[in-house]
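Me: I would like to go through the labels used for this model and see what each one rests on. Please take them one by one.

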Amino acid sequence: VLPFARGLLAACAGLALSTADAQSARAPLTGARVVRDVDSLWGAAVTRQTRNSSGAPGARAWAQSAKYLLRATLDPAGPLLRADGELRYRNRSPDTLRTLAINLAQNLFARGAPHNESVPQTGGITIDTLCVAHRAPAPAPARCADDALSTAQTRIDHTIMWVTLPTPLLPGDSVDLFAAWHFLLPPSDAPRTGSDGSVHLVTYWYPQFAVYDDVAGWVTDPYLGVGEFYADFADYDVRISLPGSYLIGATGTLQNAADILPPAVRERLQRAARSFAVVSIVNDSVRRARSATQPGAQLTWHFSAPHVRDFAFYASKDVVWDAMAGQVPRAGGGLDTVLIHALYRPRERGWRRAADMGRQSLELFSRQLWPYPWSQLTLVEGIVEGGMEYPMLTAVSVGGTSRELYSTIAHEVGHMWFPMQVSSDERRFAWMDEGLASWLERSALRASTGHDDDQDGLPSLYRMVVGMRAEQSMFTPADAYSGALMYTAASYDKLVVVFRAFSAEYGDSALVDGLRAYGEAWRGRHPYPPDFAALVFRAAGTERDDFVREWLRGTGYFDARLDDVFRERDTLTVTVRSVGGAHLSVPVTILRDDGSSETRTISAAAFRRESVQTLQVPRARAVSSIVLDVERTRPDVNPSNQRWAP
Ligand SMILES: [Zn+2]
């Protein structure tokens with residue numbers, strides 16, 4: 001209503017601001033509110049110039065960051081994780097923060113915690129100690145008894161802990177927390193983490209700062225089980241102690257290989273780094289002989305992972321270890337090597353190909369999108385049903401065929417781009433990472449076998465909800481879906497359909513260019529749906545708003561129907577209807593008895609004006625058939641109504 005006045009206000013506010021009296025943190029909004037009001041919240045960020053209406057980060061873009069120095073001890077007998085660490089939070093926002101929100105995901109398993117899928121109970125996480133440095137920045141505190149520290153004032157609301165800071169955290173400053181905690185690992189029927197007594201997948205295991213971003217402020221939706229995660233980028237330095245002869249797969253790179261791995265294992269790893277075939281680093285006989293690691297009752301593995309959105313690890317003494325090299329293009333020419341690891345129990349024979357499956361998808365996506373940025377990728381077997389992704393690490397458990405294992409691995413490797421690099425909010429906008437991973441999974445299947453598993457280009461859950469007339473928009477708050485089917489179809493399948501529609505209309509390369517531009521703009525940052533829509537679909541030009549409204553946000557579907565063919569003398573009048581409300585151009589191919597054909601295209605814009613369009617076709621007697629979308633590139637929900645013959 002008042003764009004001029006609003007602009008003026010923002011300018012005045014900008015003048016009045018100084019670092020010392022910057023605006024205070026805004027009260028947290030609910031996830032449902034952010035999903036519903038995403039356009040106005042995003043518009044306000046554009047006004048504040050943290051975002052740009054082009055979909056790129058704005059001149060005043062910022063993102064918070066953190067540094068975690070963590071020490072963990074895993075006692076597999078518990079299985080109990082005991083840890084402590086120094087957690088530094090850097091406030092790069094223009095806002096003064098008086099409290100910090102911290103995720104305690106393990107409290108999903110505490111008694112009485114709300115959840116939206118069935119979860120085991122472990123008692124949740126126990127925070128043994130938490131203290132805050134009085135002034136920020138302060139030297140990293142060693143222990144809470146220190147004079148410079150005070151026991152933190154906290155309020156724990158299930159999976160979110162609020163910490164009241166002794167002094168407000170000003171823009172540009174940082175604050176140090178020291179914490180000690182422990183918890184029992186949940187059993188393997190927990191989502192995304194757990195232990196089956198043989199392998200231990202340790203994830204969401206430390207107090208992790210919640211995201212505070214420029215669009216929504218604090219993001220403190222509780223972890224309920226179904227919705228996933230959102231995280232700022234942080235630097236991790238992690239030491240993990242556990243019994244000798246256990247192997248670890250983790251985010252980051254191992255800093256003390258010589259302390260942990262015997263010379264023969266290290267030599268095989270070096271060989272794997274130059275090998276384009278799978279090298280067995282620890283085979284079953286090495287494992288049984290307990291010579292996979294250096295001798296020692298307890299070993300401490302030291303990992304480092306700069307600028308990632310999370311850190312997770314997997315540990316077992318029952319697994320073998322394969323590795324091989326993948327190659328990705330290096331910026332400025334040449335190739336970089338990525339070491340691909342697979343850790344799995346020997347009974348899982350299909351996993352002998354897992355490292356190579358990881359390599360294939362990693363190399364493919366590195367060419368399609370942009371190069372995988374890290375020096376290693378680790379695939380681990382067990383615990384999670386299907387797959388679950390962490391930076392540089394994915395856990396996969398698939399009972400089926402080699403094709404199913406490959407498609408799951410490809411999906412999880414796709415997540416190394418979205419959300420591990422392009423860090424969207426998975427809980428509020430699941431489609432921003434799941435939809436993209438689902439699309440990448442299909443491109444990996446096509447590249448390796450020539451086809452994906454979608455019938456007529458339509459993923460099965462999408463086909464089902466459209467058939468039931470029960471589709472819900474991707475822009476539905478997570479708890480407003482009427483069921484898991486609607487949620488899953490919107491989060492995983494719909495974007496695949498949208499991308500097919502976009503590719504059919506504007507070309508495959510326009511989509512890839514859009515995704516690359518989106519990645520270029522938002523790697524290491526937090527995009528929101530309007531940023532995605534503006535950059536990924538920018539090749540649509542003036543039609544972009546229509547495309548986004550009908551396809552990305554709406555629940556229209558595409559069904560081009562040959563309604564009627566009417567002959568008068570030697571002219572055919574062909575009536576074509578675009579039925580579902582999501583429009584695309586429709587190529588109409590006229591085949592004649594002499595084998596010739598011509599194709600005339602009715603534009604999407606024409607169908608938007610009027611969903612019924614007609615064509616006049618001369619030389620009617622020679623027409624042998626008329627076919628809509630003869631190459632079947634469009635995601636048409638009913639391809640049986642596209643052909644006519646006299
Ligand atoms: Zn996924």
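This is a predicted model: local features need pLDDT of at least 70, side-chain atom pairs count only at pLDDT 80 or more; totals for chains, interfaces and linings use all residues.

Me: Why is S241 called buried?

Reply: S241 has a relative accessible area of 14%. Buried means under 20%, so S241 at 14% qualifies. The residue lies in strand β14, which covers residues 234–243.

Me: Which residues is S241 in contact with, leaving aside its neighbours within four places in sequence?

Reply: They are A72, T73, L74, Q298, L299 and T300. Each of these has heavy atoms within 4.5 Å of S241.

Me: What makes the pair S241 and T300 a polar contact?

Reply: The two side chains meet at 2.7 Å. A polar contact needs a pair of N or O atoms within 3.5 Å, one able to donate a hydrogen and the other to accept it; the 2.7 Å pair is therefore counted.

Me: How many strands form the open sheet that contains β26, and in what order?

Reply: The sheet has 3 strands in the order β25-β26-β29, with antiparallel pairing. Its edge strands are β25 (560–568) and β29 (612–617), since each pairs on one side only. Neighbouring strands are turned by 20° against each other on average, direction ignored.

Me: How do you know that β26 and β29 pair?

Reply: Strand β26 (residues 571–578) is joined to β29 by 6 bridges.

Definitions and conventions. Residues are numbered from 1 along each chain as its sequence is written. Side-chain values use heavy atoms; hydrogens and water are left out. Helices (H or I, at least four residues) and strands (E, at least two) are DSSP runs, numbered from the N terminus. Buried means under 20% relative accessible area, exposed over 50%, partly exposed in between (1.4 Å probe, protein chains only). Two strands pair if DSSP finds at least two bridges between them. Axes are lines fitted to C-alpha atoms, for helices over the stretch in contact, and angles run from 0 to 180 degrees between N-to-C directions.
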